Amino acid sequence: MRRLTLMLLVLLAALQWPLWLGKGSWLRVWQLDKQVEEQRAANLVLVRRNAALDAEVRDLKQGTAAIEERARNELGMIRQGEVFFQLLDTANAGNNKP
(Lines give C-alpha, C1' and ligand atoms only; values in the text may rest on other atoms or scores of the structure.)
Protein backbone atom coordinates (compact mmCIF):
# COMPACT_ATOMS: atom_id res chain seq x y z
CA MET A 1 0.00 0.00 0.00
CA ARG A 2 2.85 2.36 0.81
CA ARG A 3 4.44 1.75 -2.59
CA LEU A 4 1.20 2.51 -4.38
CA THR A 5 0.77 5.75 -2.45
CA LEU A 6 4.36 6.74 -3.17
CA MET A 7 3.99 5.93 -6.86
CA LEU A 8 0.78 7.95 -7.08
CA LEU A 9 2.46 10.92 -5.38
CA VAL A 10 5.39 10.73 -7.81
CA LEU A 11 2.96 10.53 -10.73
CA LEU A 12 0.99 13.49 -9.41
CA ALA A 13 4.21 15.52 -9.01
CA ALA A 14 5.27 14.58 -12.54
CA LEU A 15 1.92 15.77 -13.90
CA GLN A 16 2.00 19.00 -11.88
CA TRP A 17 5.58 19.94 -12.83
CA PRO A 18 4.74 21.44 -16.26
CA LEU A 19 1.76 23.30 -14.83
CA TRP A 20 3.80 25.17 -12.23
CA LEU A 21 7.37 25.24 -13.58
CA GLY A 22 7.29 24.17 -17.23
CA LYS A 23 7.34 26.11 -20.51
CA GLY A 24 3.63 27.01 -20.33
CA SER A 25 3.48 27.40 -16.56
CA TRP A 26 1.35 29.77 -14.54
CA LEU A 27 4.44 31.82 -13.74
CA ARG A 28 5.24 32.27 -17.44
CA VAL A 29 1.63 33.21 -18.21
CA TRP A 30 1.70 35.79 -15.40
CA GLN A 31 4.96 37.27 -16.77
CA LEU A 32 3.55 37.46 -20.27
CA ASP A 33 0.36 39.15 -19.01
CA LYS A 34 2.51 41.73 -17.26
CA GLN A 35 4.49 42.36 -20.46
CA VAL A 36 1.27 42.71 -22.45
CA GLU A 37 -0.07 45.32 -20.01
CA GLU A 38 3.21 47.28 -20.19
CA GLN A 39 3.09 47.20 -23.99
CA ARG A 40 -0.53 48.36 -24.00
CA ALA A 41 0.43 51.33 -21.81
CA ALA A 42 3.32 52.18 -24.15
CA ASN A 43 1.01 51.86 -27.16
CA LEU A 44 -1.53 54.21 -25.56
CA VAL A 45 1.17 56.87 -25.14
CA LEU A 46 2.16 56.45 -28.78
CA VAL A 47 -1.45 56.61 -29.97
CA ARG A 48 -1.92 59.91 -28.13
CA ARG A 49 1.30 61.30 -29.61
CA ASN A 50 0.27 60.20 -33.10
CA ALA A 51 -3.14 61.84 -32.69
CA ALA A 52 -1.49 65.12 -31.70
CA LEU A 53 0.86 64.93 -34.68
CA ASP A 54 -2.04 64.09 -37.00
CA ALA A 55 -3.99 67.10 -35.76
CA GLU A 56 -0.98 69.33 -36.33
CA VAL A 57 -0.50 68.01 -39.86
CA ARG A 58 -4.17 68.56 -40.69
CA ASP A 59 -3.98 72.09 -39.30
CA LEU A 60 -0.87 72.85 -41.36
CA LYS A 61 -2.49 71.48 -44.53
CA GLN A 62 -5.81 73.30 -44.15
CA GLY A 63 -5.07 76.67 -42.64
CA THR A 64 -2.46 79.34 -42.96
CA ALA A 65 -2.76 80.43 -39.33
CA ALA A 66 -0.66 77.53 -38.07
CA ILE A 67 2.01 78.13 -40.69
CA GLU A 68 2.10 81.82 -39.84
CA GLU A 69 2.34 81.05 -36.12
CA ARG A 70 5.25 78.67 -36.68
CA ALA A 71 7.04 81.19 -38.90
CA ARG A 72 6.68 83.87 -36.24
CA ASN A 73 7.67 81.74 -33.25
CA GLU A 74 10.36 79.49 -34.69
CA LEU A 75 11.85 81.65 -37.41
CA GLY A 76 11.24 85.14 -36.02
CA MET A 77 9.51 86.33 -39.19
CA ILE A 78 7.23 89.37 -39.35
CA ARG A 79 4.85 90.62 -42.05
CA GLN A 80 5.75 93.41 -44.37
CA GLY A 81 4.71 96.72 -42.84
CA GLU A 82 4.64 95.36 -39.28
CA VAL A 83 6.76 96.83 -36.55
CA PHE A 84 8.51 94.46 -34.15
CA PHE A 85 8.85 95.54 -30.53
CA GLN A 86 11.00 93.61 -28.08
CA LEU A 87 10.44 94.46 -24.45
CA LEU A 88 13.23 93.87 -21.99
CA ASP A 89 12.81 93.48 -18.28
CA THR A 90 14.78 96.42 -16.86
CA ALA A 91 15.17 94.82 -13.43
CA ASN A 92 17.05 91.84 -14.88
CA ALA A 93 18.90 93.91 -17.50
CA GLY A 94 20.88 95.77 -14.82
CA ASN A 95 22.07 92.52 -13.24
CA ASN A 96 23.59 91.26 -16.48
CA LYS A 97 26.01 94.17 -16.93
CA PRO A 98 29.70 93.34 -16.35
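How exposed is E37, by relative accessible area? Select E37: its relative accessible area is 48%, so E37 counts as partly exposed (buried is under 20%, exposed over 50%, partly exposed in between, with a 1.4 Å probe and protein chains only).

This is a predicted model, where local features need pLDDT of at least 70, side-chain atom pairs count only at pLDDT 80 or more, and totals for chains, interfaces and linings use all residues. Residues are numbered from 1 along each chain as its sequence is written, and side-chain values use heavy atoms, leaving out hydrogens and water.

**Stop one: R40**

R40 is exposed, at 53% relative accessibility. Both residues sit in helix α2, residues 26–62, 3 residues apart, about one turn. Helices are DSSP runs of H or I, at least four residues, numbered from the N terminus.

**Stop two: D54 and R58**

The structure holds 2 salt bridges. Here D54 and R58 pair at 3.0 Å, N to O. They are 4 residues apart in α2, about one helical turn. D54 is partly exposed at 38%, and R58 is partly exposed at 43%.

**Stop three: α2 against α3**

Select helix α3, residues 65–75: α2 and α3 pack at about 100°, axes 6 Å apart (lines fitted to C-alpha atoms over the stretch in contact, with angles from 0 to 180 degrees between N-to-C directions). That makes the two helices roughly perpendicular (65 to 115 degrees). E56, D59 and L60 in α2 meet A66, I67 and R70 in α3, with contact meaning heavy atoms within 4.5 Å.

Key
Salt bridge = Lys/Arg side-chain N within 4 Å of Asp/Glu carboxyl O. Parallel < 35°, antiparallel > 145°, perpendicular 65-115°, else oblique.
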